[in-house]
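Have the structure open as you read.

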Amino acid sequence: MLGKGGKRKFDEHEDGLEGKVVSPTDGPSKVSYTLQRQTIFNISLMKLYNHRPLTEPSLQKTVLINNMLRRIQEELKQEGSLRPMFVAASQPADPLSDNFREAQPAFSHLASPPLLPTDLVSTMPLESCLTPASLLEDDTFCTSPAVQHDGPTKPPPPALQPVKDSFSSALDEIEELCPAPTSAEGVAAESAADDSKGQPSESNIHKPEGLPESRTAESKLMDPLPGNFEITASTGFLTDLTLDDILFADIDTSMYDFDPCTSATGAASKMAPVSADELLKTLAPYSSQPVTPNQPFKMDLTELDHIMEVLVGS
Amino acid sequence: FSGAGGGNDIQWCFSQVKGAVDDDVAEADIISTVEFNHSGELLATGDKGGRVVIFQQEQENKTQSHSRGEYNVYSTFQSHEPEFDYLKSLEIEEKINKIRWLPQKNAAQFLLSTNDKTIKLWKISERDKRPEGYNLKEEDGRYRDPTTVTTLRVPVFRPMDLMVEASPRRIFANAHTYHINSISINSDYETYLSADDLRINLWHLEITDRSFNIVDIKPANMEELTEVITAAEFHPNSCSTFVYSSSKGTIRLCDMRASALCDRHSKLFEEPEDPSNRSFFSEIISSISDVKFSHSGRYMMTRDYLSVKIWDLNMENRPVETYQVHEYLRSKLCSLYENDCIFDKFECCWNGSDRQVEFLSLCTSDLSNIVMTGSYNNFFRMFDRNTKRDITLEASRENNKPRTVLKPRKVCASGKRKKDEISVDSLDFNKKILHTAWHPKENIIAVATTNNLYIFQDKMN
């Protein structure tokens, strides 16, 4: 029998996070409510964007996850507009940067080096405040490893850096030709995000620059995704983005839609069906081992390297 | 039941288990649907590999009156093959989502089986005689040299080893953009419905080149989509009435006589949310995974993630009964969301109608008084509506002594765990029982674990 001493910290945490009614207005449990909300938000995003089955994903599941994300976003918007001085233990009001960071690290270089500190800064609060759901409860059946949450915060594997830089410089050139798109809503969301953070000022400066491109990239990234059908092409919280056709119209971004950072974590190593098939077609002449289109495969970094060279070269 | 009117509780005993013994489950062997035919003599299972296996009950041996006939493999066939959707560059799974039997009209048996996109009508027929003594052909089929034919004879039918053949008689394809989750045969036995995430179509069993769309909830702008259809069923007696359930926990009853497109429901069944149980996951756990009418059609049962609800068709604003299947999971919803278990689609079923009880209580009470549904750790649950008692049993090879009564199981939610109880944290969430079926006439149940089929029957005295 556990005395009051026992697992108190975990228990309190547990109570605040699960099941029991935690009203957003309670003082101390507000933090854990926010924490849980952020956790669920991140999990939901990962479910939508990292899961690449060979068959069409379940529409019911997608709809339910989308509804979850929308609800949380609504809450965040309301909180953002009502309480601009809200001190968050995490960074709830910036789902887009999470999106940006998790869904396509291939584009994380888009914002020039100044964004990197932002990246780290924005991840730091996440790391320090956010406990992976697997640790939030005292249970053993949580199958996703803690590393899944850490995944996006890891720096890209060094082998990819040189390749990305050459690619990023190419994109930078294209960017210079086009104005960075912004929208009224986008700016408002950013200011809400900025206000809600007690962040070092450099992040505030760099975020507005980095975000528009990232959002554009991301929104355009959604479009060619096959099998994600219409629902994930615009999931509500992305509708305020403007699509920059000049920037991306001619580039088939589906090929770049993979996540080398999380490829090590196993579950997310399956690639988008289109990109996998197309890559295989390009790989076929180069690869020494036969691969069948519908086989999920894990690519090691050298192969990845090779592919990037091929793509950038062509 | 022994005696009429459901007096004593049923004592369940292990009878048989079908399927591979090893723990390493081949993906194709995962059972995806289980269904008894109308007489209960046949039991069909569908699996992820697109196969249908039909078991047949042995005729009861009069000398062995202590047990009912065993189920043995009767027919196995490949119902659906994997396909590739070239437009979307995606595979179409061959997994059998549902099987529904047609009532028997002649010597052959018919069933409908469906995967995500295509429904097929299969004819299962027996052949135990074959003609012998052709004039122009040898027994092995080779043609005889006509010059050697000097006499004529009439071919006769001679017995042969029983052969069970399955042949596809109708293929109902290309009518569903989204994944089919339900099929239901109408009480007219001529038409049936098929439901996907956003639409329900009405078919005639004889006509494969067209179907009528009777429900369409697809919004003009897919961005506005917040609700999908999760299950649908025809009313057992009224051939113009059907219901469909949604991912938001609502059930709509529609009457096809009202209009061609039944987008406006006749009744909407929805229970207001309990504010004390509100959480981030309220919507997800309210999503209904199965809906089944009772035998009389007066009630219907719905299964959501944590509970089974019985609805009276005359009362729309709340169910008449609610049974908690595994309430101890309510505090684990975040983890269950993360590992996707929260999206598991549990089915539910009513007991069969007992012949003795049927005669006596035909007018007074509904014959549907026990509900059964699955849970995790290979547990399954039964709720008796009359006695309000419930029981948890386990489908496991450890209990495989025939005629030994299954021991009730108990999950300890928190606090001190008693002996023989299992704590929530020890539950195996990979061992889930999603599909169960109850023999239409007798107390025999079929329970599917991941890749095994268990058959239990009540202890006959």
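## A charge over a ring

Over the ring of which residue does the charged end of A:Lys47 sit? That ring belongs to B:Tyr337, and the charged end lies 5.3 Å from its centre. Keep in mind that this is a predicted model.

There is another charge to look for in chain B: B:Arg385 lies over the face of B:Tyr299, 4.5 Å from the ring centre.

## Rings in pairs

A pair of aromatic rings is described by how far apart the centres are and by the angle of the planes. Over all chains, the count comes to 21 aromatic pairs. One of them joins B:Phe36 and B:Tyr71: the planes are at 70° and the centres 6.0 Å apart, so this pair is edge-to-face, as angles over 60 degrees are. B:Phe36 is in strand E2 and B:Tyr71 in strand E5 of chain B, so the pair ties together parts 35 residues apart in sequence.

B:Phe281 sits in the loop between strand E19 and helix H1 of chain B, while B:Tyr337 is in helix H2, 56 residues apart. Both B:Phe281 and B:Tyr337 are buried.

## A cluster of rings

Finally, find B:Phe14, B:Phe380, B:Tyr454 and B:Phe456, which ring pairs link into a cluster.

Key
Residues numbered from 1 in each chain as written. Chains lettered and ligands numbered in written order. Predicted model: local features only at pLDDT ≥ 70, side-chain atom pairs only at ≥ 80, totals over all residues. Heavy atoms only, no water. Phe/Tyr/Trp six-rings, centres within 6.5 Å; stacked < 30°, edge-to-face > 60°. Helix = DSSP H or I, 4+ residues; strand = E, 2+ residues; numbered from the N terminus. Buried < 20%, exposed > 50% of the residue type's maximum accessible area, 1.4 Å probe, protein only. Lys NZ or Arg CZ within 6 Å of the ring centre and 35° of its normal.
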